[in-house]
Structures are given as C-alpha cells and as structure tokens.
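Please go through the two-chain report below with the model open beside it.

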Amino acid sequence: MIIDSVEVETINSFSKLELLKEVYGLISILPILTLLLGITIEVLVIVWLEREISASIQQRIGPEYAGPLGLLQAIADGTKLLLKEDILPSRGDISLFSIGPSIAVISVLLSFLVIPLGYHFVLADLSIGVFLWIAISSIAPIGLLMAGYSSNNKYSFSGGLRAAAQSISYEIPLTFFVLAISLLSNSSSTVDIVEAQSKYGFFGWNIWRQPIGFLVFLISSLAECERLPFDLLEAEEELVAGYQTEYSGIKYGLFYLVSYLNLLVSSLFVTVLYLGGWNLSIPYISFFDFFQMNKAVGILEMTMGIFITLTKAYLFLFISITIRWTLPRMRMDQLLNLGWKFLLPISLGNLLLTTSSQLVSL
Amino acid sequence: MKSFNGSNPHLSIFFSVCRSASKERREESERTKWALVMSEFAPICIYLVISPLVSLIPLGVPFPFASNSSTYPEKLSAYECGSDPSGDARSRFDIRFYPVPILFIIPDPEVTFSFPWAVPPNKIDLFGSWSMMAFLLILTIGSLYEWKRGALDRE
C-alpha cells in the first residue's frame, strides 16, 4: 500500500493550524482541549436539561436561582462539591478508594476520541473506531468494583458487585449490535459508518436497516449508563447509594460526571451508528458549489455538521431523560434475565439475519 | 531465486535491480507508514496523558479548604444508617454474582473475534461467513447448555 504524503497531511490538518504540521504532538493538544471544553459545556447543559425536564414531568418548577433560568445550576453544584471535605473511610483501602472514580472518568473520556462531528472533524480517525469504544467502555466496571470494595461497607460492596454484573451483562448485546452495524458498513471506523449512511438521505439511515438494533442499543446503553429503569445501584431504599455511599465531595462529583458523560457518549454513538451522524438528511443539491470561497464553505459545513450531530444526540438525550422519570425500576434478577436470556439471543439472531442479507446482496 | 542465479544472468540482474529499487520504495513507504501510524495514534497518547490529569487534579483541590476530620472519628466509620457497623464488610458476598463474570468471559472473545470477520465480507465470500457461523454455532451450543443447567437462574 503506497501512502502519499498528501494523505498524511490531510489527516494531520485536523484544525486550521497550518504552522505546526511537522510537529505531530503539538497539533493534537489544541483540539483535545477544545474537545474537553466542549464536553464540559455539554455536561452543564445536560444537567440543567435533566432537572428542567424532570421538573416539567413532575409539574413543578426546576432550578431558577442560579443564573438566568437556572442555567448555572451545574456550575454551582460543581463548585460546592469541589470545596467540600474529602472523607476517607477509616478502614478502607485509600489508594483504591481514590483511584476508583478516576478510572471510570478516564474510560468514559477516552470514548470521545472516535466520535465524528464532521468529515475530517474527528480527533482520531482510527480504522477500529467503534471497537476502541467497546473495549474502553469495558474498563469502567473495574473502577466501580474498586470503589465498592475499598469503601469497607457492606452496602457499597454489594452495590459495586451489582454495578459490575449489570455493566458486563449488557455489554455483550451492545457489542453484537455494533458488530452488525460494522457488517453493514464494511468498516469499524466511525467516519466510514456515517459515510455509508449518507447515500439515500433520510432513508439511508441505519435505523431502517436495523430497527431491532436501534431499540436494543437504546436499552443496552441505558443499562450501561446505570440510568432508570436500570437504576438499581442507586436504589435508596435498598443500598443507600450503592458503591457511591462512602464518597463525598469531588469524588462523588466525579461519579455524577461519569453518569452524564456516559449518557452523552451513548447518545452520540446512537447518532453516529443509527441516525446518520453529521449528514443533513434532507436530500439537497449541494448549493455550496455555487459559492467560490472554499474556506468559508468548509467552516460552514463544519458548523452544520456539529449542529446536526448535536441535535440528533439531544433527541436521544431527551428520550433517555423522559424514560428515567417515567418508568419504574427493575429488580436485579429481572435485569440480568433481560440481558442474558432475551437480548443475547436476539443479538445473535440479528447477526445471522444481517450476515445472510449481506451474503445475498454479494 | 537461487536456481535462477547461475542459469539466466539477465534475469538475476533484473531481480537485483528490482530488489534495490523496491528497498528504497519500501523505506519511503515505511517512513510514511510510521508517520501515518503516529498521526493516527498521537492524539490517543496525548489524550491518555490529559484525561488522568483532568480526573486526578480535582482530587487535590479540596485540600486547602477542608477541615480536619480527626476531631470526629465517627465521621470516618462506615455508613450503616446511623448505627455502628456490624461485622466485617468483606466476609461474605452472594455467590450468585460469581458466575456472571465467568459467563461473560466466553461471549466477550466471541464478539472480539467476530470483529475482524465482520468488516470485509466481500473478500471472504461464502466460505469465510460459513466458517464463522460454525464458530458461533459451537459457542451457542455452549450458551444453551449453560442456560438449561440453570447457571443464569435465580439471579
């Protein structure tokens, strides 16, 4: 395979920094910091959105004192948690206790690497993109187990075990459905998967080709994020707060952050895998060709790509938040039965169907 | 290649010229391959450094603000809804949580090995698909056995 230097330069010019092309390392810091800033702002928005939507569903008023319309509520909460005392349990394992939430945060933050917001607008255009996400999201249960074990609390330990069992049980149907998408798109790269959905506009989305997959992916990612109806780990009646019982201050804030970050990653992946990513799905004749200014068109396309991806992701976020405040909680054995005895055979059957449809069309 | 050296001098010169030309091209393509790999994975390496910083720096922020908790030792004991904690937290746990990760070990490599198979279906044709189906069939029989034996029950 002969690789042109032109291709290398195309991949390297991720943003508009043309001066630092030879230094590979420095190119990547500014986009990464931009991404982290974007993620922080998104988490603030999601926290506010959840509180407003839950207030509307419960017919009360949400946050209204912190900033206009309560928009700065998440910043207020975060600042409060940052300034609180860091309580370490007396007979717990202090190093594991401190590292537990950090491992969960790192594994979720790393998943943002492969999410594309535009054609050349992805941090790392790996050919194994979705597989990297699946692999990294398997690290999160380790952090939860560490947190539960090191707290030296029966309820924390039990909660940590349940969290790990739930996470790994729902990873397998999730991975099988991602595998089916890879089969349809002939690639594991997220950019290729979105490109494969761009041909027929609205009807090229993978949701029409894998409707069962969309529903099961929704269910499995809600279970991975430990949100209702799979909320058993935070069941206040049973487990106090599960593996988060002994945590206070910013470590509790990190768990809170993990929950919302995970939700954001899942909704972005639903967008990329099933809803067509950054493609504006109204089939339009590219009127951008009429404009002769290439740079302005590039920036406009980038902005539109980000806007469209975020709109679709926020649709899924709205669905998740509404589900959380509408449905009751499932029991642990019902949860595991659903994962192992219902979703796993469905995922294998779907894989068989997809393979046969691919073979027929060969 | 060895048998050609003595018999046909033109062919051997042709092969040596090809080898030296392809070596230069190979070095050039290896350099660009290295550049490509580095440019693909450099963001990951830098991100791997930055994200632990993001998650570990907030752990140190409360230290100037926090009060001294050694004056209240009850604050540090395990939480058990107000009463004193009874027994050791790590003596026993429910045995039914033990088989779940063990049963996870089997489908996890199953799906991992399916990923290289899923990507190029037009290159592996019918034979490749059916051999993967045989692999999945063996593992499905195992899963059915564990289901019937009740490894997933009562959880």
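Buried means under 20% relative accessible area, exposed over 50%, and partly exposed in between, with a 1.4 Å probe and protein chains only. By that rule, both E50(A) and R324(A) are buried. This is a predicted model: local features need pLDDT of at least 70, side-chain atom pairs count only at pLDDT 80 or more, and totals for chains, interfaces and linings use all residues. Residues are numbered from 1 along each chain as its sequence is written, chains are lettered from A and ligands numbered from 1 in the order in which they are written, and side-chain values use heavy atoms, leaving out hydrogens and water.

**Salt bridges**

Side chains of opposite charge can pair when their charged atoms come close. A salt bridge here is a side-chain nitrogen of Lys or Arg within 4 Å of a carboxyl oxygen of Asp or Glu. Over all chains, the structure holds four. Three of them are tabulated, among them the pair E50(A) and R324(A).

| Pair | Closest N to O |
|---|---|
| E50(A) and R324(A) | 2.8 Å |
| R331(A) and D333(A) | 3.0 Å |

E50(A) forms its salt bridge with R324(A). That pair links distant parts of the chain, 274 residues apart: E50(A) is in helix α2 and R324(A) in helix α13 (residues 294–324) of chain A. Helices (H or I, at least four residues) and strands (E, at least two) are DSSP runs, numbered from the N terminus.

D86(A) sits in the loop between α3 and α4 of chain A and K251(A) in helix α12 (residues 250–274), so the pair ties together parts that are 165 residues apart in sequence. K251(A) counts as buried because its relative accessibility is 2%. D333(A), the partner of R331(A), is partly exposed at 24%.

**Cover and surface in chain A**

How many of the nine residues in helix α5 (residues 129–137) of chain A are buried? Seven are, so the helix is mostly covered by the burial rule. Among them are W133(A), I134(A) and I136(A). R91(A) lies in the loop between α3 and α4 (94–110). R91(A) is exposed, with a relative accessible area of 57%. R91(A) and I136(A) are 45 residues apart in sequence and 31 Å apart in space, C-alpha to C-alpha.

**The interface**

Contact means heavy atoms within 4.5 Å. 84 residues of chain A are in contact with 66 residues of chain B. The two chains bury about 6,800 Å² between them, 75% of it on carbon and sulfur atoms. E85(A), W340(A) and K341(A) supply 9% of the area that chain A buries against chain B, more than any other three residues. Buried area is the accessible area (1.4 Å probe) that two parts lose on being put together, summed over both. Across this interface, the rule finds zero salt bridges.

**Chain B and annotated spans**

Chain B has five helices and zero strands. Buried residues make up 29% of its 155 residues. An unreviewed UniProt entry lists residues 34–57 and 127–145 of chain B as "transmembrane region"; such annotations may be inferred rather than shown by experiment, with positions in the numbering used here and feature names shortened. Residues 127–145 of chain B are 100% helix and 0% strand, with end C-alpha atoms 27 Å apart. In chain A, the annotated spans include 296–323 and 335–353. Residues 296–323 of chain A are 100% helix, and their end C-alpha atoms lie 41 Å apart. For residues 335–353 of chain A, also 100% helix, the end C-alpha separation is 26 Å.
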